[in-house]
Amino acid sequence: MMSSSNPNRLNASVRSGRIDRTRVVNCTVDGTTVQGRPGDTLASALLASGTIEVGSSVHRGRPRGILTADCTEPNALVQRLDGCPEPMLAATEIELYEGLEARTLSGVGWLSGERDTARYDKKFVHSDVVVVGAGPAGMAASLAAARSGARVILIDQHRELGGMLLDGQSHISGHPATEWVGRAARELAENQNVRVLTRSAVLGCYDHNYLLVAERRTDHLPTSSGAATRQRLWHVRTGQLVLATGAHERPLVFADNDRPGVMLASAVRSYLNRHAVLPGRNAVVFTTSDSAYTTALDLLSSGARVPAIVDTRPDPPARLVEQARAAGAQVYPGAAVVATEGAPRISAVRIRGLDTGGALNGSPVDVSCDLLAVCGGWNPAVQLFAQSGGTVRWDPVVAGFVPLNTGGRSTRVVGAARGTYDLAGCLAQGFAAGAEAATVAGFRIAPPPVPQVDGDRPGARPRPVWAVPDESRPPEACTDHFVDLQRDATVADIHAATETGMRSVQHVKRYTTISTGVEQGKNSGVNAIGVLAETLAANSPGEVGTTTFRPPYTPVPIALFAGRTHGSLYDPVRTTPMHSRHEQAGAVFEDVGQWKRPRYYPRSGEDMHSAVLRECAAARTGVAIQDVSTLGRIEVVGSDAPTFLDRVYTNGFANLPVGRARYGMMCGADGMVLDDGVSMRLAEDRYLMSTTTGGAAKVLDWLEEWLQTEWPELDVYCTSVTEQWAAVAVVGPDSRTVVGRLAPDLDVSAESFGFMRFRETVLGNGTPARVARVSFSGELAFEINVAGWYGRALWDAAMAAGADLDITPYGTETMHVLRAEKGFVIVGQDTDGTVTPLDLGMDWAVSRRKDFIGKRSLSRPEMLREDRKQLVGLLPVDTDTLLPEGAHLVEPDASRRPPVPMLGHVTSSYHSAALGRTFALGLVSRGQERVGEVLRSPVDGSDIEVEITTPVLYDPEGVRRDGPAQG
Amino acid sequence: MTVLHRVETDLAEADTATAAPRHSPLEHRGAEFERATALGPRGVRLREEPFLTQLNLRVPPDDAVSEAVAEALDLTPPAANKVSGDEGRALLWLGPDEWLLVAEEERARGALRAVRSAQQDASGSSVDVSANRTTLRLAGPAAREVLEKVCSLDLHPRAFSVGDCAQTLLGRTVAVLWQVGPDPEYRVLVRCSFAEYLADLLLDAMAEFLEG
Amino acid sequence: MLLIRCPWCGDRDEVEFRYGGQADVAYPTDPHELDDAEWGNFLFVRANPMGALTERWVHTAGCRRWFSVVRDTATNEMTPDIPRRRESR
């Protein structure tokens, strides 16, 4: 009795399956409604409703059908259309849900272009023991480890624990194995130290037992399931790792082995027992080992006919042959399927004898069928083992690549993953490994006793056949013997690769594209190695070896890696205490490192150019204010602080009197400019160092490195205080007036408050402050520092104090123009890690009397070259032309045909309100000698003539520094 | 070593009454924190605890000096990765020669002066960093799960519990994590310029529990 | 993601650290006594073995302390740099 929409669904009395028969789930495939049950996959629902054929093959357009029931599927790939469309999903892995819409694909899907609004996130967890795979071995390991009190995480790809136990009819302790699974699952769920992650694939196994696990949390639910996390990437660090990853069945390679209706024997068994679906009623079984006999028996007990079991082995175990015959199947030992027929679904196979040398013999037998269950043997799933640093070897007894060592210091491999296929063996290894892992992790426990089982037994030796010979064609012409179904790659393709001279499996993989599809070799890899070994007349696949097993183990959406790290969470946005004031003033911000700094403050209708000209004019003729809280600040304390600063700065700081500030420059040991800034001497043993906005963390690291690793004898301690201070620069001829109003207790006159001095005071608003006379513009300027939480009040007070003087907030763009007019460099803009202080013409800041970090490098031959690039001013001959930053400079008569010797490049370029023209700074070979020369800058196909000048273009005498005379 | 600068915390003792308004980096987000509060067995809540006094202390590995400094603060030297004292006044271990005093303002009066006087003639340093960081308080049964989304540290009670502290990464910012209660309840000290980012990060991680 | 044992803070993820290259490359007592080739060697030449390398790390996101470990560059196995080992050189 089968329902009309699910003609292939087995009656519950035949197979109960792990489905909910009381409910129907509707989905749409290629526009047609498909009905299934909760518990179905898309593939099992298709099979239940009578569809085995899926999209045709990618290159050759050959009809294809569902081949597997797991993540090794090469054919049944679909595009999910509901929700955010997602390509290349295996129908065998999609749990059915109401409203699922899919389209079958021919090897290629598409990205939708829609924004994926689903939520992806991540979580970090730690564990004493991680067990990967919840088949019998993995469950046994988890139980043993969990009973020790260790923290255990059990991870499995499927919605239910149990693995292969759910696909079969085994018994444990006299009861159906599913009951044991249920009890074990409950025990694990009730243990607070155990976390069970189902629907979760371990994508990769990395250094020091670090696993990435992709958990599918809502993919089995209708897409309207709201804001819940769709997928979660677990970052798992574990002390001990037990890999119970199972094994994947191999298909068989023979002529027309790609016809719909050819299905892995284990998949047939899975559909029968897990989903109560009968994929065919008249099934031939073609096998190289014992396991497919169970499939034949399951088919027979489900009401199907099994007219033939074709076994490559001349002497299959008598027990199995008898069982099969008794149930009604005819066994063909020492034989192979050599051809299939069907239009397109398989309707018949041709069987021939296969002699011990692998050649065909005897006369053909044609058997009609609608299903061909194939078993080419089993591949232990060693991917994660290999990623964890393990080596694999070819085991001729199990005919598969197995771990070389199964009990490393922190990694253990158990069950089918190491070629153990009998249930008792899997349980025994699992219990032992789980107990061992827990014990090594510090939770001593003995392995539990292994229960009595009735299930898969140790198998007889398989006889792998990598490619069944064709009846008429030589291997190089076997263009219909498919090795990689997704890539349409065949035995002939492997021969073509070796014909061109390739021997390495890595080369052959890339040449043929075998194993490069979504199954990543889980289905095709070892067959390809086997065919290659035969082609190269190697003794075994082990001689050929495997390709590298790389993460991810199963395909994963890129969105999962991104997680929540996008938008405002992509990278920290650092803001100052005055940030809201800048927003209210309509500032346009720029990113400086992670900081958001106002770039300029446009008034209505202004573009950047006009805003910057206005802001510059205010700073040069009135008063302007900038938030300089972003500068890095480090307090350097200790009796050796003066000595230390003398060593890290190119110029002297030991002789700086208390109460004064000095500009300093730092170099790397290679003599290249590292950072710069002004440091104040707060006390004999205390300096407050400032760094560039972007350089604070780097400089602190640098100071600590020298203190800890080279000069531990120095009594110096560095403390980062960047955010402790909020600061404004008040700049311009009227700044003295504004600061005088802000700090009524402070004598701000030029006579008593000299340049590069600082004072501590209490501002009129009651805020303690440190006020310094420093200038990055050449104008009279003050920097006012207050505790960060007073920053906003400081800004408000300064704006109020300067209101009648039209105090003008300015941003980084204006700051750049003002400093460039004075030839002040910005480290990182005018320097790039190849520039010394001497290249910048800053000999005045380089001490001759003392040693400092990098000094020795300044006399290296390379540094003494006369053609080094040096900092110069650049004046475009056309005063309105703005040089692009980065533009190259060449000789005026340089050839236009490459190679054209480059003399230098533009590092900074601006319009200047004060100069009434454009100007730039640049680094030019022999620049200091070239002052007065005109060079050429080729820009976008035309030439800009540029005159070389000294870098200081504004107020070279420095008369503006102390402001207007008072009176 | 005994020089105290007028801009350092001790000065504020006299002047807080007349001083300009202080603003903490997250004061404008209080209502948002309230709305993000999840109740029940999977509940979690977030708030800012602004203006805690913080002194960064560098204490050389010399028992006499470290005892003297701790004693000046009426506390015991913290063991590695631990906190001594209570929430109102505590010494956090930040490194082999580095502690952080975290105290309510009224319980920190005179602390900087006391420490500097204990450090006199010894190497070491004490720096007022009260405005350098702000403090977030994350509490509730799901607080650990929230942190596990942004922090790779092992926060399982076996590995991290009340009285433990760590400097580590939360998302992409460095923070000092301090477990203050068994619920669990954490203080997270973060540099002020990163406070908005960290608040965004934690609120995002909390959303799951609000919906649930 | 390496798991690196900070001698002070314990096991932390690699992202909390900055790499400091080969350890035990001492800054010359007087750089100016070195000729250009010797100074160039100090600046730029480092060991690059396949196998054990004593190297420096700094726990930037934690205690900011520098320390040395021995790492097998082929397997990434890391062990603390034992002082005795350093003295023997």
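# Reading the terms on this structure

Biologist: In helix 6 (residues 318-327) of chain A, which residues are buried?

Modeller: A:Leu320, A:Val321 and A:Ala324 are the buried residues of helix 6 of chain A. Viewed down the axis of helix 6 of chain A, the buried residues fall within an arc of 100°, so they line one face of the helix. The arc is taken over the directions from the helix axis to the C-beta atoms. Buried denotes a relative accessible area under 20%, exposed one over 50%, and partly exposed the range in between (1.4 Å probe, protein chains only). This is a predicted model, in which local features need pLDDT of at least 70 and side-chain atom pairs count only at pLDDT 80 or more, whereas totals for chains, interfaces and linings use all residues. Residues are numbered from 1 along each chain as its sequence is written, chains are lettered from A and ligands numbered from 1 in the order written, and side-chain values use heavy atoms, without hydrogens and water.

Biologist: What lies on the other side of helix 6 of chain A, and what covers its buried residues?

Modeller: A:Glu322 and A:Ala326 are exposed on the other side of helix 6 of chain A. The cover over its buried residues includes helix 5 (291-301), strand 19 (305-311) and strand 20 (331-333) of chain A. Helices (H or I, at least four residues) and strands (E, at least two) are DSSP runs, numbered from the N terminus. After helix 6 of chain A comes A:Gly328, with a positive phi near 110°.

Biologist: Why is A:Val306 called buried?

Modeller: A:Val306 has a relative accessible area of 1%, and it is called buried because this value is under 20%. A:Val306 belongs to strand 19 of chain A. Apart from neighbours within four places in sequence, A:Val306 is in contact (heavy atoms within 4.5 Å) with residues including A:Ala296, A:Leu299, A:Leu300 and A:Gly328.

Biologist: Why does A:Gln383 count as buried?

Modeller: Its relative accessibility is 12%, which is under 20%, so A:Gln383 counts as buried. A:Gln383 is part of helix 7 (residues 383-387) of chain A. Residues up to four places away in sequence aside, A:Gln383 touches A:Lys522, A:Phe549 and A:Tyr553.

Biologist: What makes the pair A:Asp591 and A:Lys596 a salt bridge?

Modeller: A salt bridge requires a side-chain nitrogen of Lys or Arg within 4 Å of a carboxyl oxygen of Asp or Glu. For A:Asp591 and A:Lys596 the N to O distance is 2.4 Å, so the pair meets the rule. A:Asp591 is exposed at 52% relative accessibility, whereas A:Lys596, with a relative accessible area of 26%, is partly exposed. Over all chains the count is 96 salt bridges.

Biologist: What makes the salt bridge of B:Glu105 and B:Arg22 a link between distant parts of the chain?

Modeller: The closest N and O atoms of B:Glu105 and B:Arg22 are 2.8 Å apart. The two residues are 83 residues apart: B:Glu105 is in the loop between strand 5 (98-103) and helix 4 (111-119) of chain B, and B:Arg22 in the loop between helix 1 and helix 2 (30-35) of chain B. B:Glu105 is partly exposed, at 22% relative accessible area, and B:Arg22 is partly exposed, also at 22%.

Biologist: Why is the pair C:Arg64 and B:Glu98 said to join two chains?

Modeller: C:Arg64 lies in the loop between strand 4 (52-58) and strand 5 (66-72) of chain C, while B:Glu98 lies in strand 5 of chain B, so the pair joins two chains. Their side chains meet at 3.5 Å, N to O, and this counts as a salt bridge because it is within 4 Å. C:Arg64 is buried at 13% relative accessibility, and B:Glu98 is buried at 4%.

Biologist: What is the area buried between chain C and chain B, and between chain B and chain A?

Modeller: Buried area is the accessible area (1.4 Å probe) that two parts lose on being put together, summed over both. For chain C and chain B that area is about 1,000 Å², with 46% from carbon and sulfur atoms; 11 residues of chain C are in contact with 15 of chain B. Chain B and chain A bury about 4,900 Å², 51% of it on carbon and sulfur atoms, and 54 residues of chain B are in contact with 60 of chain A.

Biologist: How many salt bridges cross the interface of chain B and chain A?

Modeller: The rule finds 12 salt bridges there. One of them pairs A:Arg151 with B:Asp154, the closest N and O atoms being 2.6 Å apart. On the side of chain B that touches chain A, helix 6 of chain B gives the largest share, 8 residues.
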